[in-house]
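Reader: Can you walk me through this one? Keep it brisk.
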Amino acid sequence: MSHYYTSTFKITLIFPLLFFLGGCLGTKEIQSEVYITALGIDYSNDVYHLYFQAFGFTNVAGSDPSIASEPAPIVVGHGEGETIQGAIDDIEKNSVNPLYYGHIQTFFISKNILDGHLDEFFDFFSRDYYLRYNTLAYGYEDDIKEIMNVHGLFYKPPILTFPYDPNEQLFFNSFISTSTVQDMIKRYYEPVGSIMVPTIKISEDYWMEDNKSKNILKISGAYFLSRQKFNGWIKEEELSGLDWFNKDFNNMKLSIKDQSVSMFIDNLDYDIEIVGDTIPKYILNLDVKASIRENPKNIEIKTIEKDVKKIISAQFQSTFMKGLEIDSDIFNLSEKAYRFRSQSWTVDKLNTITENSIEKLNINVFIKDKGAIK
């Protein structure tokens, strides 16, 4: 009798569990979906072109994707349509596996989109449930299919390379404040200031892998927009003045080549004073603290500090003037005046940025030490 009740109890206990297990029957295995990690978007010949960079898990299941013995496969899809959603529908109709958009980390946006079609892009973005506002955004001019087919060093897949996780790679390129879609939307409709969208290019000048030139992705410069209008592009080396007025500053190196001096910039602090009567003008106060890494000629500290001031002033002036050439307030000085003294001037006056807008640039440089010796 007891054996009968025990068997009945086991059957009764197991039977309800079948309903819970049955609820998993409709779920998809991780290998059955195509995980989109980046989207490239362009507009040409009156149609939108979307490029889908995909990453599959079949080759890394149960392994560490950061370590590979051979290049991870890269899949790039292309769809086109009269609308952005039409381009998505086009690629979905021709996809072997379902596409999943929840892992998109990066947008590559062409100049053609930035120059006249951002409204449509933002509208599409706001309607898609899976797209996140903190998605990184880059501009591009090279062939987007080539950009999306660049592997990382040591056979790493693209999701472990610079455009997806730029923090470490940009540690010593602090002027490039990474831009997100949220940053773009927030500034796009502002009546003052500018949007900076870093641009990506392919370079083969720095690394070799397996004794062959290795393509990498690097920052080539930045596109600038203001007041819902595309202004132009400035190359990387002409943007060095932004180093010194970057709230996202981490760390950077500076060399005084004629003196063979190399140093770390340890800390930056600055404030902007708003002055002027008929139009706003600005006094910029900058404090820089640095540590010497190398000084083989034993140059005096006071001399080094003067040289650093000259370098900072020259870089700022050069970058500021480059911004004026494309009608861009790339230091966003007008935004400061708009936030704190908007009643003093009209929007047109606030946007009047000229070479005379800088009343004064005060630079204070302090060398903390002469460099540590082991």
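Reader: What is the bridge partner of serine 291 in β13?
Author: Aspartate 369 is the partner. This is a predicted model: local features need pLDDT of at least 70, side-chain atom pairs count only at pLDDT 80 or more, and totals for chains, interfaces and linings use all residues. Residues are numbered from 1 along each chain as its sequence is written, and side-chain values use heavy atoms, with hydrogens and water left out.
Reader: How many bridges join β12 to β13?
Author: 10, and the two strands run parallel. Strands are DSSP runs of E, at least two residues; helices are runs of H or I, at least four; both are numbered from the N terminus. Two strands pair if DSSP finds at least two bridges between them.
Reader: Which helix packs on the sheet, touching β10, β11, β12 and β13?
Author: Helix α8, residues 301-325. Contact means heavy atoms within 4.5 Å. The direction of α8 makes about 140° with that of β13. Axes are lines fitted to C-alpha atoms, for helices over the stretch in contact, and angles run from 0 to 180 degrees between N-to-C directions.
Reader: And α9, what does that touch?
Author: Helix α9 (residues 333-340) packs on the sheet against β11, β12 and β13. Its direction makes about 40° with that of β11.
Reader: New topic. Asparagine 332, buried or exposed?
Author: Buried, at 15% relative accessible area. The cut-offs: buried is under 20%, exposed over 50%, partly exposed in between, with a 1.4 Å probe and protein chains only.
Reader: Where does asparagine 332 lie?
Author: In the loop between α8 and α9. Asparagine 332 touches Arg187, Gly193 and Ser194, not counting residues up to four places away in sequence.
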